[in-house]
Amino acid sequence: MTEIRLRFAPSPTGSLHIGSVRTTLYNYFFARQNGGQLVLRIEDTDQGRFDPRALDTIYDGLHWMGIRWDEGPREGGAFGPYVQSERLPLYQRHAEALVNDAAAYHCFCTKERLAAVRSEQAARGEITRYDRHCRSIPASEARERAAREKHVVRLKVPDDGEVAIDDLVYGHVSWPLRAIEDQVLLKSDGFPTYQLAVVIDDHEMRISHVFRGEDWLPSTPKHLLVYRAFGWEVPPHAHLPNVLGPDGRKLAKRHGATAVSEFHDEGYLPEALVNFLALIGWSPGSEDEIFTMQDLVERWRIDHVQRAGGKWDRDRLDWFDGIHIRRLEPDELVARLGPFVPKEWDRGLLRAVVPFIQERMRTL
RNA sequence: GGCCCGUUCGUCUAGCGGCCCAGGACACCGCCCUCUCAAGGCGGAGACCACCGGUUCGAAUCCGGUACGGGCUACCA
């Protein structure tokens, strides 16, 4: 049996979103219950959006939640580096290999031309996609121009046929190839696009199961095509339903708190947040609902994952928080209360009073 | 516009052909406990299982269509 290895890759944009934490949790449950390895990977291929504080934020948030992993930027590991911007030569080499195999090609179109093509297509009511302008440039000429002209590398997508996946959550899903354009694999700044980097990294890092948010499902055919181009085996995939805002749309800033640090600051217990989040999109199939991290590692099952997205509900989180506060030993509660109580307050008195307030607390 | 996904109480969900004229939990309401507020206990209200057809002796559960919602459609991830 091949080794179980899962990875998670919260976007390094400066705050740790609870939606990606929920996804991380599911990766964690599955890896741990199968005695597998967990990898943290930083996907910073978009230089424009990268926030240098992100690594601290991710480490602090995940650690606070009680999530531990085996390989990552700071713990190292046999398949590093774990930061994509440090793996550039790897992606470039693979992209070149694809060009040499005639599975990909150099494209010299400017952003302006691309935008013009798109707006013309839109005006005519057509599907907006790359018109394959550079696909027919002879290989030798393309290679020569590539040596001195700014360019990207695009994947040659077959004209017809289809790609399909048997998703662990959504079942059999297929896409007609005609709906997919010749994807950019390598950007003109030498960075890979996400579509290229994930496939290479998941393969190189020997990831056995890909668990990621539902919003990635539509781009899965692009990844499948890249796997196919390299001749690599596609690992089992599971797309996980999104955590939604109260209005049913993707959870975003306008919905209020979305970062784990905010819940920490508002006095929520990580145990409560874990319990609450785990139950959005998954249920044990029974009527139990109070779970510790350990319970979840034992009981979580992929086949009980919901397909529909779940809305965020503050009242329910508050209730879970009260439950977990009451489960704490008084001394432990005093310790947790520490940062939320003025320094000059007498700790002995606090300890004496805790048993009386513990019964009625909602948050710290 | 195109592609893909989804749809059970306000919310999180159970349900995977008969046990369901649909169960639990949060929130809400009432009662009990109680010096107060909570917590806890008990009870209540709340879902024509989106809609329309089909398959079947029998469908929330299987199939098709429609509607609505969402996601993706970038040299973002």
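Which residues in helix 3 meet which residues in helix 6? I took this as my opening entry on the predicted model, in which local features need pLDDT of at least 70, side-chain atom pairs count only at pLDDT 80 or more, and totals for chains, interfaces and linings use all residues. Residues are numbered from 1 along each chain as its sequence is written, chains are lettered from A and ligands numbered from 1 in the order in which they are written, and side-chain values use heavy atoms, with hydrogens and water left out.

**Entry 1: helix 3 and helix 6**

I found that Leu90, Tyr91, His94 and Ala95 of helix 3 meet Leu196, Ala197, Ile200, Asp201 and Glu204 of helix 6. Contact here means heavy atoms within 4.5 Å. Helices (H or I, at least four residues) and strands (E, at least two) are DSSP runs, numbered from the N terminus. I sorted the contact by class and noted 6 nonpolar, 1 polar and 2 charged residues. In this scheme Ala, Val, Leu, Ile, Met, Phe, Trp, Tyr, Cys and Pro count as nonpolar, Asp, Glu, Lys and Arg as charged, and the others, Gly among them, as polar.

I then looked up the geometry: the axes of helix 3 (residues 88-100) and helix 6 (residues 194-204) come within 10 Å and cross at roughly 105°. Helix 3 is therefore roughly perpendicular to helix 6. Angles under 35 degrees count as roughly parallel, over 145 as roughly antiparallel, 65 to 115 as roughly perpendicular and the rest as oblique. Axes are lines fitted to C-alpha atoms, for helices over the stretch in contact, and angles run from 0 to 180 degrees between N-to-C directions.

**Entry 2: helix 9 and helix 11**

I next examined helix 9 (residues 270-278) and helix 11 (residues 314-326), which pack at an angle of about 130° with their axes 8 Å apart. The two helices are therefore oblique to each other. Helix 9 contributes Glu271, Ala272, Leu273, Asn275 and Phe276 to the contact, and helix 11 contributes Arg316, Leu317, Phe320, Asp321 and His324. By class I noted 5 nonpolar, 2 polar and 3 charged residues.

I traced an open sheet of 3 strands in the order 3-4-7, with antiparallel pairing. Its edge strands are strand 3 (104-107) and strand 7 (184-186), each of which pairs on one side only. Two strands pair if DSSP finds at least two bridges between them. Strand 3 and strand 4 (residues 152-155) pair over 4 bridges, and Tyr105 stands opposite Arg154 in strand 4.

**Entry 3: loop residues**

Is Asp51 buried or exposed? I found Asp51 buried, at a relative accessible area of 13%. Buried means under 20% relative accessible area, exposed over 50%, partly exposed in between (1.4 Å probe, protein chains only). Asp51 lies in the loop between strand 2 (37-40) and helix 2 (54-65). Leaving out residues up to four places away in sequence, Asp51 touches Pro12, Thr13 and Gly14. Asp51 and Thr13 are 38 residues apart in sequence, yet 5.1 Å apart in space, C-alpha to C-alpha.

I also noted a cis peptide bond between Gly80 and Pro81, with omega about -5°. Pro81 is in the loop between helix 2 and helix 3.

**Entry 4: the whole chain**

I recorded 13 helices and 11 strands in chain A. Of its 364 residues, 48% count as buried.
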